[in-house]
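Please look over the structure shown here before reading the notes on its strands, core and aromatic rings.

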Amino acid sequence: MTTSIVELAVPGAMTVTATEDTLTVELTDGRTFSVPLAWYPRLLHAIPEERDNWELFADAQHIHWSDLDEDISVEGLLAGRPSLEGAGSFERWLKAKRAGRPLTLDALRRGSEGR
């Protein structure tokens, strides 16, 4: 018996819109889809200007929000995967955001070492 594996090409993102409760992505294949913003706590706790400051990379397969240190893959969105960030990591991020400190992973690690 012969088994074949078919790899489906994942379309790239073209535009990204985040409202107070929804993340909507328009894809290069013409589809537009939305997921609950609650799936991505960093986006949920962002102000509109932070949500609007996104960029595409890796052939438009990933969406990056530099102000929030958030990265989401188109493949993950299409698969219906919410954020896998742990509660402790998110709490450290949220504490740093509220304090006006840098939100990058390296900065958060340095901040937790000083406790």
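The briefing below covers strand pairing, the nonpolar core and the aromatic pairs.

The model is predicted. An open sheet has three strands in the order β4-β5-β6, and β1 and β2 form an antiparallel pair. The largest nonpolar core holds 23 residues, and two aromatic pairs are counted.

**Strands**

- From one strand to the next, the twist averages 30°.
- Four bridges link β5 (residues 62-65) to β6 in the antiparallel sense; Trp65 has Glu70 in β6 as its bridge partner.
- Strand β1 (residues 13-18) is antiparallel to strand β2 (residues 22-27), with five bridges between them.
- A hairpin of three residues connects β1 to β2, and Ala13 lies opposite Leu27 in β2.

**Nonpolar core**

- Within the largest core, the residues that touch the most other members are Leu23, Val25, Leu43, Trp65 and Leu77.
- Two or more residues of this core come from each of β1, β2, β3 (32-36), β5, α3 (74-79) and α4 (87-99).
- Helix α4 supplies the largest share, four residues.
- Neighbours within four places in sequence aside, Trp65 is in contact with Val16, Leu23, Leu43, Glu50, Arg51, Asn53, Trp54, Glu70 and Ile72.

**Aromatic pairs**

- A pair of rings is described by the distance of the centres and the angle of the planes.
- Trp39 and Tyr40 make an edge-to-face pair, with 6.5 Å centre to centre and 65° between the planes.
- In that pair, Trp39 is partly exposed at a relative accessible area of 27%, whereas Tyr40 is buried at 4%.
- The ring centres of Phe90 and Trp93 are 5.7 Å apart and the planes stand at 25°. Planes under 30 degrees apart count as stacked, so the Phe90 and Trp93 pair is stacked.
- Phe90 and Trp93 are three residues apart in helix α4, which means that about one helical turn separates them.
- Phe90 is buried, with a relative accessible area of 11%, and Trp93 is buried, with a value of 0%.

Terms used: Residues numbered from 1 in each chain as written. Predicted model: local features only at pLDDT ≥ 70, side-chain atom pairs only at ≥ 80, totals over all residues. Heavy atoms only, no water. Pairing = 2+ DSSP bridges. Axes fitted to C-alpha atoms, helices over the stretch in contact; angles between N-to-C directions. Core = buried A, V, L, I, M, F, W, Y, C linked by side-chain atoms within 4.5 Å. Buried < 20%, exposed > 50% of the residue type's maximum accessible area, 1.4 Å probe, protein only. Contact = heavy atoms within 4.5 Å. Phe/Tyr/Trp six-rings, centres within 6.5 Å; stacked < 30°, edge-to-face > 60°.
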